[in-house]
Amino acid sequence: MNHIYLDHNATTPLRPEVLEEMLPYMTAHFGNPSSVHWAGRAVSGALETARERVAALINASPTEIVFTSCGSEADNFALKGAAGALRAKGRHIITTAVEHPAVLETCHALEARGWQVSYLPVDAEGQLDLVQLESLISQETVLLSVMWANNETGNLFPIADIGEIARKHGVLFHSDMVQAVGRVPLDVKAAKLGLAAISGHKFGAPKGVGALYIRADTQLEPLIHGGHQERNRRGGTSNVAGIVGLGAASEHAARESGETIGQLRSLRDRLQAGLFASIENLHLNGSAAHDKRLPNTLNLSFAGVSGESLLLNLDLKGIAASSGSACSSGTLEASHVIAAMGIDPILAQSSVRFSLGRENTLEEIEHVLTVLPAIVERLRRISPLGS
Ligand SMILES: Cc1ncc(COP(=O)(O)O)c(C=O)c1O
């Protein structure tokens, strides 16, 4: 077995059927969708079809979808755009300590501009306390931003319950849905969301395209000023082929989600059960409850082994996974998500994330189960971390 890819939360392969739909828009249909002549008209319809397909996936109206260059841009647009539009109403934002940097760093930038941001902590399983969340809301609070699913642990947050709290207090609610698309059913209306971010490359579309759901009544300042594209909400000539790809991937995700979710969950559960049966001193990072984690994600700490060493050894065997720790200035820094869960820093450094995708097979998972325990045993024997 040559290569086994278990890092789908980092990115997913472009689906061949998505590429097929994109290709004409990189060759014959080269027009600028804003042009009124034949070349422009040949592509403008494709943009609107893509908008309908993305909207259908999340139960939005097509006019509520604005295309962006990625998930990070969508998060920046949501937070900075809402902060700008609502500044006269209040200057307090609530988010969580475990958001992706696309949200956290944007909040830090807003703090530097005079905004007050509260970062809701998580418990040892990485879950939120909604009573605590509600207690943080004040007269000054104008925006609440909580991710639908965490990229490192796979934890799902109770978005519909949080949406109800936001509605009760008249606070605009944004969710980073980047990791949830295609992996759990999504309904922005039921969740009472005013804003939601999507990224194409996490579910079979290409890199460099994303979308922001902007509910019809949401006030938002533009992030990118320029032409009249996207109904004056985002300047810049559209990435037509990328957007066509995003639409195609959304259509496939909407049609297949039940089947894909079931398949992902059964492979992930097999990996989890197999590893717990063959390796001692394993720690699950994230919610133990089945329905509180993405069906494709498994984050484990292998006590006594550094996550980085484990990844390198897996890579030598052709297995791609990822670690929550980032190597900076020669020291291993535990991930902010694992750290926020209060996990012992040494155990945090031994965390590895396996994230599965629709093309993984049971044969691949069984292969990982034959290879991984031996690697852990060898590393534990020689590890300075001790077991
Ligand atoms: C939860 C989450 N939000 C946002 C992003 C950023 O998306 P993009 O890579 O499209 O900028 C990622 C990517 O890892 C993510 O996992």
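**T95**

I started with T95, which counts as buried because its relative accessibility is 1% (buried means under 20% relative accessible area, exposed over 50%, partly exposed in between, with a 1.4 Å probe and protein chains only). T95 sits in strand β3, residues 92-96. Strands here are DSSP runs of E with at least two residues, helices are runs of H or I with at least four, and both are numbered from the N terminus.

I noted that this is a predicted model, where local features need pLDDT of at least 70, side-chain atom pairs count only at pLDDT 80 or more, and totals for chains, interfaces and linings use all residues. Residues are numbered from 1 along each chain as its sequence is written, and side-chain values use heavy atoms, with hydrogens and water left out.

What does T95 touch? Leaving out residues up to four places away in sequence, I listed V103, C107, V117, S118, Y119, L120 and S145 (contact means heavy atoms within 4.5 Å). For S145 I also looked up a distance: its backbone oxygen lies 2.8 Å from a polar atom of the T95 side chain.

**L316**

Next I checked L316, in helix α9 (residues 307-316). L316 counts as exposed, because its relative accessibility is 73%.

**α8 with α12**

Two packed helices are described by the angle between their axes and the distance between the axes. For α8 (residues 240-278) and α12 (residues 362-382), I found axes that come within 10 Å and cross at roughly 20°. Axes are lines fitted to C-alpha atoms, for helices over the stretch in contact, and angles run from 0 to 180 degrees between N-to-C directions. The two helices are therefore roughly parallel (angles under 35 degrees; over 145 is roughly antiparallel, 65 to 115 roughly perpendicular, the rest oblique).

On the α8 side I wrote down L267, R270, L271, G274, L275 and S278; on the α12 side, L362, I365, E366, V368, L369, L372 and P373.

**α2 with α8**

My last entry is on α2 (residues 38-58), whose axis comes within 8 Å of that of α8, crossing at roughly 35°. Which residues of α2 meet α8? I have V43, A46, L47, A50, R53, V54 and L57. Their partners in α8 include V240, I243, V244 and L246.

Note on methods: Polar contact = N/O pair within 3.5 Å; in protein donor to acceptor, adjacent residues only side chain to side chain.
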